[in-house]
Amino acid sequence: MRVLPLFLPGIAALPLAVGATRACAASAQQHWAFQSPERPALAGKIHPVDELLAIRQKEKNLKPAPDAAREVLLRRAWHVVTGLQPPEALATRASGERGEPLAEWSAGIIDEALSSPHYGERWARHWLDVARYADTKGYAFTAGRLFPFAFTYRDWVIEALNKDLPYDEFLRRQIAADLMDVPVREQAALGFLTLGRRYLNKHDLIIADRIDVTFRSTMGLTMQCVRCHDHKSDPLTMQDYYGLYGVFDSTEEVPEGELPVIATPEDSPGYRAFRQELLKRANAAHDYAAGKIKEYQRPPAPLDFDRKKALSQLNQTERGKYRGLLAKIDELEGKSEFAPVRAMAVRDRPKPREPVIFERGHQSSRGPKVPRAFPAFFREVPTSTFKQGSGRLELARELTRPGNPLTARVCANRVWMHVMGSPLVNTPGDFGLQAPSPLHAGLLDHLALYLQEQDWSVKALIRHIMTSQAWRRSSKAGPEHAELDPENRYYARSTRHRKDLESWRDTTLQVSGRLDLRLGGRPVKIHEAPFPPRRTVYGLIERQNTPSFFRIFDFPDSSQPVVKRVSTTTPNQALYLMNSPFMHEQAKATAGTSSGNDNERVRVRALYNRILKRNPSPSELAGAVRFLGDTSGKQGQTSGAWSYGHGRLFRDSGRVEFKALPHYTGKVWQGGAELPDPETGWVHWHSAGGHPGHDDHAAILRWVAPRSTTIEIAGELSRPALKGDALRGLVVARGSIAGQWTVSPGEKVLTPVILEVTAGQAIDFLVESTGSEAWDSFSWSPVIHEQGEPVPLAEAQPGFSGPALDRWPLLAQVLLLSNEFLYVD
Amino acid sequence: MGMAGVALNGVPGLVAAAEKSGPSIGLNPLAPRRPQFPGKAKAVIHLFMNGGPSHLDTFDPKPELTKLHGQELPKMLKTERPTGAAFKSPFEFSPMGQSGLEVSSLFPQVGSMADDLCVIRSMYADVPNHEPSLLLMNCGDGRLVRPAMGSWVTYGLGSENQNLPGFVAMCPGGYPIQETQNWQSAFLPGTFQGTYVDTKHSDPKKLVEHIEANTAGREQRRQLDLLRELNENHQRERSHDARLEARLQSFELAYRMQMEASDAFDISKEPEEIRKMYGRGTQARQMLITRRLIERGVRFVQVWHGAGQPWDNHDDLEKNHQKLARECDQPIAALLKDLKMRGLLDETLVMWGGEFGRTPTVEMPKKGSNAGKINGRDHNHYGFSVWLAGGGVKGGYVHGATDPFGFQAAEKPVHVHDLQATILHLLGFDHEKLTYRYSGRDFRLTDVHGKVVQDILA
């Protein structure tokens, strides 16, 4: 608190915040969350969680729901702990061990899940939301946006959770690993500080972000407002804020070239190729600088850069270009799997900086000096300030000291939320005076103390909650539950979990058999074809233009800490689930897993078991069979606007006989599995062209106009081989030839056509051989524009597509979209 | 985009937090909601001339500047780049309509709607840089990550059409500077984020993601029927969970959206005379789409002139402004006329402007900053113009003034926050009360600033 004489002349003119802070300091002394957790009295006959919940349930006259079935508990346990479906082996055990009492059986299942390395992946993502993790910097004008080694922080979090690093140590390393006696590789933890948004390098905002993430994630305190004025309700002052500002201002990022290497790749051809490319890129930057700066001195080793110096000698445009070249180096170092892996570390500045208050948050209005220190209200020793360097290690210790009333509570609340589906304190990111005492205050204290007594073991806390009867209850609400406690604040039943982005995508891939279960590594663009099958936690997180795939599934904004995600149900999600190539790919693969069964009913059962882990009911089986049998809505050949066929043109009538090519290899449409096909010969189409067949087997590409308009077709028909004879290309529409060209060996022609078309009308592109079809491979990828429009209406090459979904994938897709799959009881 | 339900992990924690301070967003975040008091406007169209159009060459005539052309101005303000002598507008201004509101020869057709325009000539912002000024105009804060105005408005009012996004941001050819941050929802739920549409495409199916069914229509209907059967069985044993029904509904909504969205973006369905009225080209297309969206109940449409910063004419101002205005003059005028014809202008607030204006002095050569032609203007946040039309503002009206040379807002200055407060007022919100509780604090579009500009209210 700022010290003010009590009776100042003209006190009325003082900023309101000061008065408010004084008032709030008094109520802060009483605030429940600022008191040490108190051990609740326990009779000890049942699990403490159940005993403490029962107090409130009795007040409300709520009868707890019965236990859930073992299959349900198994699925729930794996969902909560790993975000995956349980392995097959365990599923069999669930039905095989009915004899074992439920509590013991359940504890065994939980232990198994907790010892899976996939636990770390699931729970790391929870923490990464809070740590506002992203792989890119956010908006930057010319500088490269990728943080080359953000993933080392993500992987550190996964590993730390998997080995159950005590939570207090987990926090300390993320703030001060470089100042602690730990191996260098542990400095990856410092990504917690360095991975925030860059705000176009505005120093005060970068520090604001670091203060915010540190306090919100650990103590549930909101320091954001204290940048400009004392907190309106919490005992936090500008003096506190700038005391912390000094800590982070006395800390600097290790420059990119000097980041500590935490793993070096072995020598391999790939590594040598990487080194060569790296040197090439470094030399390109030196060449540029040497061309612009007089007396530019190339360093003896090309990878030693003095970036700052070079930048200071260039003008604005040149700086942009130079930065672009540097970004190419960083990009390679970040993206190549052969690059040495580094920690995005910080270090203390050689000399700590003495902070001053920036009045109203303006850097230019420098107010009084303040010491680097922990927020006064929460200090262990009221008069102590930071003495060692920047003070970061002291900060980390204060955050995690045993008497800190908030850190364990905030953690316990979050763990409860992820296990039980809703938090005990409804504002898990704010434990300040605006957070009312929770309904189950005693339970929260119990959990906070339990965590500390178990040497801050998060796994132990999860296990403790999950071994309660409360966790094992059925999620089916009876009428009285719905009436007395619609939001389930009393936990008399279980809260049904909606799969979040990660668990939805991961289990979908698991069901389709494609999920890649390897741990760790560089991020991949999971939202783009070819849809890498890695777990979602390894997806590249783009902070600035977060792909809509993430946002529509409620992935949080990575500009600021998010402790609790919003969960929406929107048609955009439905559109993705219904129409995206990703889903179609999974539906096909899922259907493929059951394709060994000839019997339709057996195959339906196999699909149900694969996706929903149960047999279909008789009526469901009948429904599926009906669905499979109805062919009235038979699809076209492909999923796209173009179809691929063969046939002939009747020149007297202008009619085109079009027969769809029946076989698709994954790249080529053709007559059968092998070429030449006994009937149709060599005729085939691929994305850029194809080959005609013999006699009446012209290759035909067909496009159907979506609406009535005037179109301009552009294209080039080329027959590259020098051997053989000419071929002929034709464009035929509405019974007449709109264009035809003969192309001799080794030649090519442009094929422009302007046409009026009506909606639904077919335009055929025929290629016939003249004489022999030998060597008649051609390329032809027409592009169709509406007249006067700059962007094409259709393009043959990018529009090339394989077969439409057949019926089995359509059925598999329905099961993947079902609530039974998307929710966990 | 359109929405069925927000169920917050089954426990309305965040909803509850939001309820305390803002509107209750309940199970369906895009359901239409009443404002705090009856507003004149129901929808907003923001025509964003990104890069900073020159007020001196469009809506703020300065005869004094013409007189002093080539000479030093009596008072210079600090500009981002060096600027030199007074630089008169190469364009003629004439009084238009009954009101005699003066519009330059750049916008003859928009000028023909002068009696509907409310020009604010005394706008000002905080800094002369694009990034912070764009964010200030769109999100109310130049530096931090905050929800866009369109997000606030859809958060406050929901949307009238559940089969379309409530907030659409169109920009042909790519993103403006600061990219999607201009229409982000930040800490507001993702539902309120602007849906980006690249209007360079003419194929309506390409405009909304995954709107095109890869599965033939009948087949998909059969899939959804089977899905409904499955979900109803599932729900039978799980009553009292509204989320399950919401999910079921979301598929039906999506199914309808496939048709409605494609239809809304398909301007080929417009009669020939309407298409003629808007003219040809990208600007015409996006203005016509805008009208189709507004007509269908979309709450907030933001239309950007183009990727990057097209109006940022540090060089060749005359040529470039001429070209840009020619692209959008007819389409914008057509949009106003069309809305008026349909009786939609009264309840639709149209806003035209950039992130700031331009200097009355000529920009001096600076390597790396301009081409050194000495015929352009630098950024000017001290004073600039925007105009509003419809939605409860006075028509044929000029509010405030810049100094005699157009450098700085001089009479009745209007800060960007004041403009935002006024827009929210027109929609029926007290800008100080449309808030969202996040990180222990009630946030609002105007931060701790903003005053409604009473003078311009009709």
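This is a predicted model: local features need pLDDT of at least 70, side-chain atom pairs count only at pLDDT 80 or more; totals for chains, interfaces and linings use all residues.
Me: What makes residues of chain A and chain B count as being in contact?

Reply: Two residues are in contact if their C-beta atoms, placed from the backbone, lie within 7 Å, and by that criterion 81 residues of chain A are in contact with 74 residues of chain B. The largest share of the side of chain A that touches chain B comes from α23(A), which gives eight residues.

Me: How many residues on that side of chain A are nonpolar, polar and charged?

Reply: The residues of the side of chain A that touches chain B divide into 26 nonpolar, 38 polar and 17 charged, where Gly is counted among the polar ones.

Me: Why are β3 and β12 of chain B said to stand at the edges of their sheet?

Reply: Three strands of chain B form an open, antiparallel sheet in the order β3-β11-β12. Both β3 (83–86) and β12 (377–380) have a single partner strand, so one side of each is left without a neighbour in the sheet. The twist averages 60° from one strand to the next.

Me: How do you know that β11 and β12 of chain B pair?

Reply: Pairing requires at least two bridges between the strands, and β11 (residues 357–363) and β12(B) have three, in the antiparallel sense; therefore they count as paired. V362(B), for instance, has R377(B) in β12(B) as its bridge partner.

Me: What makes a residue of chain A count as buried, and what percentage do?

Reply: A residue is buried if 20 or more other C-beta atoms lie within 10 Å of its own, and 48% of the 825 residues of chain A count as buried.

Definitions and conventions:
Residues are numbered from 1 along each chain as its sequence is written. Chains are lettered from A and ligands numbered from 1 in the order in which they are written. Helices (H or I, at least four residues) and strands (E, at least two) are DSSP runs, numbered from the N terminus. Axes are lines fitted to C-alpha atoms, for helices over the stretch in contact, and angles run from 0 to 180 degrees between N-to-C directions. A residue is buried if 20 or more other C-beta atoms lie within 10 Å of its own, exposed if 12 or fewer, and partly exposed in between; C-beta atoms are placed from the backbone.
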